[in-house]
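Here is a quick tour of one protein chain, written for someone who is new to reading structures. Keep the picture open while you read, and look up each residue as it comes along.

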Amino acid sequence: MGLRRSTESTNGGAMPSRLSCYEAFFLRGADEVLEPDPRDPGSPYVYRFPPVKVGPLKRFLVQLSDVCVYITDGMSLREMPVPPEEREYCPTRIELMACTLGSVVGAEDGRDRVMPLLSLMDRTMRAEGMFFGPGFTLDVGERICPNSEMTGFFFSLPDHVDMERLCRCTQGAQLVLSVVPITPAELRLARDSGSLDLIARFEQAGLPNLFNPFRPSVV
């Protein structure tokens with residue numbers, strides 16, 4: 001899987017890239033591109049858009065200007081196996097997004113940690129015949145990265161995003177889901193009491209909708 005710096009559309013992968021459309025939406029260039037794995041047909045691109053400083057007027061135009069945005073490109077080419085009775089709440093075609101205050105990289109190797117995780121979620125979904133939707137969780141069963149308590153993920157709707165326009169930038173997404181790391185205790189709460197209880201705990205703690213693998217648990 002090739003990781004490279006880029007501000008131009010990629011043409012060497014297994015599928016056409018929509019990078020230029022994403023850049024037009026976020027009004028900035030991607031500083032990292034994780035290309036599809038040639039050994040894994042159907043794997044997506046993953047892009048990283050760094051935060052940018054904008055003035056008060058331009059802030060209304062630049063989507064998510066104050067955070068680092070990670071987003072997949074290509075997951076929505078395939079339909080997830082969503083049962084008909086669930087399709088009102090769980091679209092069959094999605095992309096994944098994660099927002100951080102800054103790029104999350106390894107202290108020793110400097111490699112980005114979020115991009116491979118989003119790619120791994122796509123691969124797991126395809127291999128296991130899974131589907132993701134708002135309020136869903138994914139239990140990884142081990143820590144998602146060193147020095148983190150998190151062993152799973154919660155899928156929600158991203159804040160402050162023009163979803164309809166963003167979906168038009170994708171290969172065919174009906175929804176873009178935000179990915180939030182969660183602890184084992186938070187996983188249990190969501191599965192035992194429901195996702196609304198977990199969301200209430202996040203709101204009580206004043207937690208923003210960010211991918212932060214190092215925050216304390218709210219449970």
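How many Å² does the accessible surface of the chain come to, and what percentage of it belongs to carbon and sulfur atoms? The total is about 10900 Å², and carbon and sulfur atoms account for 52% of that. Bear in mind that this is a predicted model.

**The chain as a whole**

- You can count five helices and eight strands in the chain.
- Reading from the N terminus, the elements go β-α-β-β-β-β-α-β-β-α-β-α-α.
- The C-alpha trace spans about 45 × 40 × 40 Å along its principal axes.
- A compact globule of 219 residues would have a radius of gyration near 17 Å, and the chain has 17 Å, so the two agree.
- Of those 219 residues, 49% count as buried.
- Take the contacts between residues at least 6 apart in sequence: 64% of them join residues at least 24 apart.

- Start with Val179, which sits in strand S8 (residues 175-182).
- Is Val179 buried or exposed? Val179 has a relative accessible area of 0%, and the cut-off for buried is under 20%, so Val179 counts as buried.
- Setting aside residues up to four places away in sequence, Val179 touches Leu96, Met97, Ala98, Leu118, Met121, Phe153, Phe154, Phe155 and Phe211.
- For a sense of distance, Val179 and Met80 are 99 residues apart along the chain, with 17 Å between their C-alpha atoms.
- Next up is Phe153, a residue of strand S7.
- Phe153 is buried too, because its relative accessible area is 2%.
- Beyond its neighbours within four places in sequence, Phe153 has contacts that include Leu117, Met121, Phe136, Ile144, Val179, Val180 and Phe211.
- Phe153 and Val33 are 120 residues apart along the chain, and their C-alpha atoms are separated by 22 Å.

**The largest pocket**

- How much space lies in the largest pocket? The answer is about 410 Å³.
- This pocket is lined by 24 residues, and the closest to its centre are Val180, Leu207, Pro208, Asn209 and Leu210.
- Strand S7 (152-156) and helix H5 (195-205) are the elements that give two or more residues to its lining.
- Sorted by class, the lining has 15 nonpolar, six polar and three charged residues.

**The second largest pocket**

- The second largest pocket comes to about 330 Å³.
- It has 16 lining residues, and those nearest its centre are Leu64, Asp66, Val67, Asp159 and His160.
- By class, you get nine nonpolar, four polar and three charged residues in this lining.

**Leu64 and His160, side by side**

- Let's pick out two of the residues nearest the centre of that second pocket, Leu64 and His160.
- Leu64 belongs to the loop between strand S3 (45-49) and strand S4 (68-73), while His160 is in the loop between S7 and helix H3 (163-169).
- What is phi near in Leu64? It is near 55 degrees, a positive value in a residue that isn't glycine.
- His160 also has a phi near 55 degrees, again positive and again in a residue other than glycine.
- His160 counts as exposed, because its relative accessibility is 72% and the cut-off for exposed is over 50%.

**Two partly exposed residues**

- Asp162 lies in the loop between S7 and H3.
- Asp162 has 34% relative accessibility, so it counts as partly exposed.
- Asp162 and Leu210 are 48 residues apart along the chain, and 17 Å separates their C-alpha atoms.
- Over in helix H2 (residues 114-128) you'll find Arg123.
- Arg123 counts as partly exposed because its relative accessibility is 32%.
- Arg123 and Phe49 are 74 residues apart in sequence and 22 Å apart in space, going from C-alpha to C-alpha.

Definitions and conventions
Residues are numbered from 1 along each chain as its sequence is written. This is a predicted model: local features need pLDDT of at least 70, side-chain atom pairs count only at pLDDT 80 or more; totals for chains, interfaces and linings use all residues. Side-chain values use heavy atoms; hydrogens and water are left out. On a 1 Å grid over the protein atoms alone, a cavity is a set of points where a 1.4 Å probe fits but cannot get out, and a pocket is an open set with protein on both sides within 12 Å along at least five of seven lines; lining residues have an atom within 4 Å of a point. Grid points are joined across faces, edges and corners, and a volume is the space filled by probe spheres set on the points. Helices (H or I, at least four residues) and strands (E, at least two) are DSSP runs, numbered from the N terminus. Ala, Val, Leu, Ile, Met, Phe, Trp, Tyr, Cys and Pro count as nonpolar, Asp, Glu, Lys and Arg as charged, and the others, Gly among them, as polar. Buried means under 20% relative accessible area, exposed over 50%, partly exposed in between (1.4 Å probe, protein chains only). Contact means heavy atoms within 4.5 Å. The radius of gyration is taken over C-alpha atoms; the globule rule is 2.2 Å times the number of residues to the power 0.38. Accessible areas come from the Shrake-Rupley method with a 1.4 Å probe; for residues, only the protein chains shown count as cover.
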